[in-house]
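These are my notebook entries on a structure that I looked through. The sequence and the model are shown first, and my entries follow.

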Amino acid sequence: MLAQFLQFLFSGVTVGATYALAALGFTLIYNASNVINFAQGEFIMLGGMLAVYFTQAGLPLPVALLLAILIPAIVGIIVEKLAIEPVKGAETVTLIIITIGASLVIRGLIQVWLGKNTFSLPAFSGDEPIQILGATLLPQSLWVLGVTALVVIALWYFFNRTLQGKAMLATSYNRVAAELVGINTSWVLFMSFAMSAALGALGGILVTPITLTSYDVGIMLGLKGFVAAVVGGLGNGLGAVLGGLLVGILEAMGAGYISSSYKDAIPFVLILLILFFMPRGLFGGKSTDRV
Amino acid sequence: MKKNAYFGLYIVMAILAVLPFIVPNSFYLDLVIRMAINAVIVLGLNLLIGFAGQISLGHAGFLGIGAYASAVLPTHFGWHPLLAMAAGAVVTGLLAGLVARPIFKLKGHYLAMATLGLGIILNIAIRNEAQWTGGPDGMPVPTMGLFGFELASDKQWYWVVALLLSVSVWASLNLIDSPFGRALRALHGSEVASQVVGVDVVRYKVAIFVMSAVFASLMGSVTAHYVGFVTPNLADFFHSIELVTMVVIGGMASVYGSLVGAVLLTALPQALATFEGWETVAFGSILMLCMIFMPKGLVPTLAAKFGKGD
């Protein structure tokens with residue numbers, strides 16, 4: 001009983017940490033530009049696929065992983081420079097289609113380059129499971145959780161203790177006011193895309209040894225990251241992390257106790273219920289409209 | 001209503017009347033039929049997105065309800081196809097209405113999220129309930145009979161679909177110029193301002209959402225009977241995106257833009273098939289380029305360039 005519950009909890013928290021990183025990516029870009037970046041899932045895919053490619057090419061693991069984070073960050077910057085900045089202030093639906101276009105291009109290029117196979121990555125520190133109260137925990141799960149926790153702390157420090165972070169926060173509160181006090185808001189937009197892509201890629205790399213990867217895993221992961229961001233109240237960083245964990249845990253519980261074939265539907269049922277009963281998300285503040 | 005408001009409709013009807021005699025073979029006739037079916041769906045979706053300013057990322061789900069109602073009810077329960085089609089439309093209308101009321105109190109991205117979620121849940125349900133729907137492989141659909149007369153050949157289907165399209169264009173043009181249409185445009189401009197002048201914003205948004213969903217469901221049924229086979233791809237997220245893209249590329253809030261968008265994006269995959277493996281890249285690039293250089297869509301951009309109203 002307890003062992004089974006713990007087992008579902010472990011797998012839920014592990015996947016949830018990936019959703020949390022993706023949700024943080026959505027939040028960063030949303031705050032900087034009001035854009036929902038539907039290409040976020042592709043950065044997760046890129047991270048995993050590039051990590052596989054570089055390790056198979058014989059690079060030492062740390063170098064391979066670093067490249068697998070850097071390249072998606074550069075891709076994120078390219079998307080921002082070429083596709084988002086030129087259409088500043090366009091209608092929401094136009095921006096949504098541009099980011100979907102970007103996601104198709106990224107997915108298509110990887111499909112042409114690396115093919116349609118499913119790949120896996122060796123776990124960072126072995127596959128020997130750890131026994132806890134009858135449930136097993138993979139060492140890789142600890143990597144996922146540990147690194148995610150570190151990232152959250154680093155982001156907290158960045159946004160609360162550094163000038164650059166505060167400039168990004170200020171831009172999300174009020175863009176015009178931020179520009180008035182001399183904040184370079186296009187730099188903020190640039191940074192938010194680079195950071196979002198890197199966060200997504202990191203999540204993708206960490207979880208690949210457990211869940212495997214292929215060119216098309218980005219869609220579902222990205223959409224679930226979006227769900228997590230909305231669950232946490234769109235634009236709220238801490239909410240995004242908690243939202244990600246909650247979505248992951250509920251998905252694992254639902255798959256375990258209710259129906260594994262409806263596993264992918266669970267986050268979306270959750271989000272509909274939340275939107276019906278708590279329209280600002282679980283952790284979103286009250287907001288008023290400007291006329 | 002402007003004097004020449006129907007001018008475009010007459011052109012559309014003239015083209016539709018001539019087309020079957022000039023298409024070279026049945027491959028192109030099939031393509032034209034699918035374009036026309038998509039055009040009707042996109043007309044409905046454009047009323048929601050372009051005129052009322054609301055986004056739906058789950059419209060393929062509604063299409064799926066219609067298509068699967070027409071497949072499942074006649075096959076497993078022996079219903080008459082027309083009755084099944086109506087049942088699909090009613091279920092879609094009820095579901096859309098039920099979901100819409102709470103959602104339309106929200107705005108922008110929340111609405112996108114909710115419709116996206118609904119679409120994905122419907123698609124997963126279709127994939128999983130294999131005993132009814134055939135699962136991921138899909139299922140065949142019985143032919144449509146009308147008053148003892150079987151709709152079988154592509155030529156017959158063409159005239160049915162052409163009629164549906166003409167009626168839809170006519171209805172859209174009238175709707176836009178009705179008090180209902182003006183209320184929709186008003187709430188797109190400013191919800192607060194339209195509330196001040198007495199527009200019941202939520203009621204209008206729910207009404208147009210339900211209407212466009214029912215449109216999609218009916219055309220889903222038509223697609224199912226025409227193709228003779230349904231698969232869950234009809235109801236997946238990517239198809240929802242394709243439909244939204246047709247609206248936006250053709251031109252938001254433009255009736256004729258909807259037609260152009262539907263025609264172009266239905267033809268595009270055929271045109272890209274020659275790129276072998278690069279289709280996805282090409283499709284994505286075209287989406288991005290169109291939106292970056294013509295964010296208002298083709299028809300409004302061209303209309304502005306040549307100094308004509310839409």
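**Entry 1: helix H6 of chain A**

I looked up helix H6 (residues 163–173) of chain A and found A:Met168, A:Thr171 and A:Ser172 buried. A residue is buried if 20 or more other C-beta atoms lie within 10 Å of its own, exposed if 12 or fewer, and partly exposed in between, with C-beta atoms placed from the backbone. Helices (H or I, at least four residues) and strands (E, at least two) are DSSP runs, numbered from the N terminus. The face turned away from the buried side of H6(A) carries the exposed residues A:Leu163 and A:Tyr173. I noted that the cover over the buried residues includes H1, helix H5 (139–161), helix H7 (175–180) and helix H8 (185–211) of chain A.

**Entry 2: the source**

This is a predicted model, in which local features need pLDDT of at least 70 and side-chain atom pairs count only at pLDDT 80 or more, while totals for chains, interfaces and linings use all residues. Residues are numbered from 1 along each chain as its sequence is written, and chains are lettered from A and ligands numbered from 1 in the order in which they are written.

**Entry 3: the nonpolar core**

I found that the largest nonpolar core has 189 residues, and that A:Ala20, A:Ala201, A:Ala228, A:Ile271 and B:Ile41 have the most contacts inside it. Such a core is a set of buried Ala, Val, Leu, Ile, Met, Phe, Trp, Tyr and Cys residues joined through C-beta atoms within 7 Å. H1(A) gives the most to this core, with 15 residues.

**Entry 4: chains A and B**

How many residues of chain A are in contact with chain B? I recorded 37 residues of chain A in contact with 36 of chain B; contact requires C-beta atoms, placed from the backbone, within 7 Å. On the side of chain A that touches chain B, the largest share, 16 residues, comes from H4(A).

**Entry 5: positive phi**

I noted a positive phi, near 65°, at A:Asn34, which is not a glycine. A:Asn34 lies in the loop between helix H1 (2–33) and helix H2 (40–56) of chain A. A:Asn34 is partly exposed, with 16 other C-beta atoms within 10 Å.

Notes
Two residues are in contact if their C-beta atoms, placed from the backbone, lie within 7 Å.
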